[in-house]
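User: Can you walk me through this one? I'd like to start with the helix packing.

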Amino acid sequence: MSKVGGVWEEALLEELIYVIAHLAHTEQHIIEVDCQQEAPKLTAVINRIRMCRKMLGEVLFNNLGVKGGSGGEFRGRAESFWCTLKHLSMSLVHCDEVAEKLIKRIEDVALSEGNPEALKPVVADLINVYKVRKTLRDTLIKLLTEVPITNEVSSVRCREDLCLEEDRRFEND
């Protein structure tokens with residue numbers, strides 16, 4: 001661990017994964033809000049967030065040493081790698097949310113029932129969520145540090161992301 005400028009070396013790849021997951025999660029929530037309106041009104045906001053996620057994906061891939069061209073009828077290895085990282089990281093964030101809800105449920109049961117036996121199933125569920133979270137995090141670390149991605153990629157996205165490569169319409173909104 002190196003110390004630079006008074007702070008310990010940051011975990012750049014891990015932080016990039018978290019911010020990418022949170023941006024994708026933000027997109028989900030904005031889409032949920034937009035679906036409840038009489039017409040789509042937030043597409044420009046959604047696209048700006050997607051472009052931010054794409055840019056951070058490029059930063060992530062630059063730091064992993066993944067470069068170059070891709071495309072075609074099927075996803076290349078790098079595109080599948082990106083898609084896997086995105087979905088794993090989003091799952092990690094959702095595990096955190098499930099854990100928060102289970103912790104709240106544990107507090108509620110403890111206050112309302114006063115019966116330690118009533119807590120056992122909820123605590124067991126929380127332990128299982130923690131195990132899954134650890135597995136997801138360990139998998140992400142392994143993918144980021146041990147899996148060689150050798151083909152080149154021109155776009156850092158899953159094709160289903162709907163992230164428009166060169167669409168600059170929303171940059172100045």
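**Helix packing and core**

Analyst: The axes of α1 and α4 come within 11 Å and cross at roughly 120°. Axes are lines fitted to C-alpha atoms, for helices over the stretch in contact, with angles from 0 to 180 degrees between N-to-C directions. Helices are DSSP runs (H or I, at least four residues), numbered from the N terminus. This is a predicted model: local features need pLDDT of at least 70, side-chain atom pairs count only at pLDDT 80 or more, and totals for chains, interfaces and linings use all residues. Residues are numbered from 1 along each chain as its sequence is written, and side-chain values use heavy atoms, leaving out hydrogens and water.

User: Which residues meet between α1 and α4?

Analyst: From α1, Leu 13, Glu 14, Ile 17 and Tyr 18. They meet Arg 133, Arg 137, Leu 140 and Leu 144 in α4. Contact means heavy atoms within 4.5 Å.

User: What about the largest nonpolar core, how many residues?

Analyst: It has 26 residues. A nonpolar core is a set of buried Ala, Val, Leu, Ile, Met, Phe, Trp, Tyr and Cys residues joined through side-chain atoms within 4.5 Å. Buried means under 20% relative accessible area, exposed over 50%, partly exposed in between (1.4 Å probe, protein chains only). Ile 17 and Leu 85 are among those with the most contacts inside this core.

User: What does Leu 85 touch?

Analyst: Ile 17, Leu 60, Phe 61, Leu 140, Leu 143 and Leu 144, not counting residues up to four places away in sequence.

User: Switching topic: is Cys 35 buried or exposed?

Analyst: Cys 35 counts as exposed, because its relative accessibility is 60%. Cys 83 is buried, at 9%.

Technical notes
Helix = DSSP H or I, 4+ residues; strand = E, 2+ residues; numbered from the N terminus.
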